[in-house]
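Reader: I'd like to go through this one label by label and see what each rests on. Can we start with the picture?

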Amino acid sequence: MGDLIYLFHRLTRSFFIRPKLLFEKVYKRNLRKSRSAFFPYYKLHNECLTELLSIKEILIKEHLSGEDKEFNEVILLLLSRSIQHVESIFVVIERGLYGDAFVLLRGIISDMNMFYYLHFQPNLVSSFLKEGWDTYQKDKNFQKDFHESRIAEVLKQNGIKSVDQGFKTLSKAAHASRWGSQLYGTRMKSKDNKDRFLVKHEPMLDPEKATGLFNIASSTHYDFLRMIIWHRMLTKLDLDSPPWIKIKKFVDEKAEEVIDLNRHTNEVLLPLFKI
């Protein structure tokens, strides 16, 4: 019976029009406008991602040879998450779906916080790598060591800028809360000139929200490059071999470009949405 159903599916797919997503036309329109607006910054994003992927290959070789074995495994795990988070943010914001981008952004902050936390608490790296699916629920010591408040405390003690409040705000988007639902809506002015949020149930371009999210997401790959170099410098790992010299040079050369991106995103991108 299963083979017959599969055969029927293949035959009907050949003779009939394939069904489309209900919002497909809206996605295509939003995608066209978004890519037109974001186009000037894709080059930087792609260049940073290419460098990160080259680092991945270096770290795998070092891990297999035993050099900084455990922390390299941590970096590889966090990079996998962060790369997917950033690329997913681009997918949703280009289509006019912003709410879940905030959830993904929370994930990026969590990845970065964990990177710094384990750098400052190397004794916990092994515990991090051995975590099982229910370790956090069953192991009270693990729960204490990896609680978000503990991570924020250690980062603050070591001079890493705290994003605790922003982290809590983004957490609202991940839960069924009234306030968090605003992140899925659109801001508008009421008759008395006060900010109000319009609940929306279909994709809709929101240039203000799109540029804010894009501003953060587009520099995340660069931030991770700097973090990896920072960790290797403080732990006296190799930064003098040709591959690392090339990566350091890239990071130095792109610094001003990233600063300009963050500084001028609104004034450059917002007008492009009107074209």
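Reader: Which residue in β2 is the bridge partner of Thr186?

Author: Leu198 is the bridge partner of Thr186. Before we go on: this is a predicted model, where local features need pLDDT of at least 70 and side-chain atom pairs count only at pLDDT 80 or more, while totals for chains, interfaces and linings use all residues. Numbering runs from 1 along each chain as its sequence is written, and side-chain values use heavy atoms, with hydrogens and water left out.

Reader: What makes β1 and β2 a pair?

Author: Two strands pair if DSSP finds at least two bridges between them. Here 4 bridges join β1 (residues 186–189) to β2 (residues 195–198), so the pair qualifies. The strands run antiparallel, and their hairpin has 5 residues between the strands, with Asn193 at a positive phi near 65°.

Reader: How many helices and strands does the protein chain have?

Author: There are 13 helices and 2 strands. Helices are DSSP runs of H or I with at least four residues, strands are runs of E with at least two, and numbering goes from the N terminus.

Reader: Where in α2 is the kink?

Author: At Phe39, shortly before the proline Pro40, with a kink of about 65°. That bend is the angle between axes fitted to the seven residues ending there and the seven starting there.

Reader: Why is Asp68 called partly exposed?

Author: Buried means under 20% relative accessible area, exposed over 50%, and partly exposed in between, with a 1.4 Å probe and protein chains only. Asp68 has 25% relative accessibility, so Asp68 counts as partly exposed. Asp68 sits in the loop between α2 and α3 (69–94), and has a positive phi of about 45° although it is not a glycine. Most residues other than glycine have a negative phi.

Reader: What does Leu237 touch, leaving out residues up to four places away in sequence?

Author: Leu237 touches Glu67, Asp68, His231 and Arg232, where contact means heavy atoms within 4.5 Å. Leu237 and Glu67 are 170 residues apart in sequence, yet 8.7 Å apart in space, C-alpha to C-alpha.

Reader: Which residues touch the most other members of the largest nonpolar core?

Author: Ile93, Tyr117 and Leu118, in a core of 66 residues. Such a core is a set of buried Ala, Val, Leu, Ile, Met, Phe, Trp, Tyr and Cys residues joined through side-chain atoms within 4.5 Å. Not counting residues up to four places away in sequence, Ile93 touches several residues, including Phe38, Tyr98, Leu213 and Phe214. Over the protein chain, 41% of the 275 residues count as buried.
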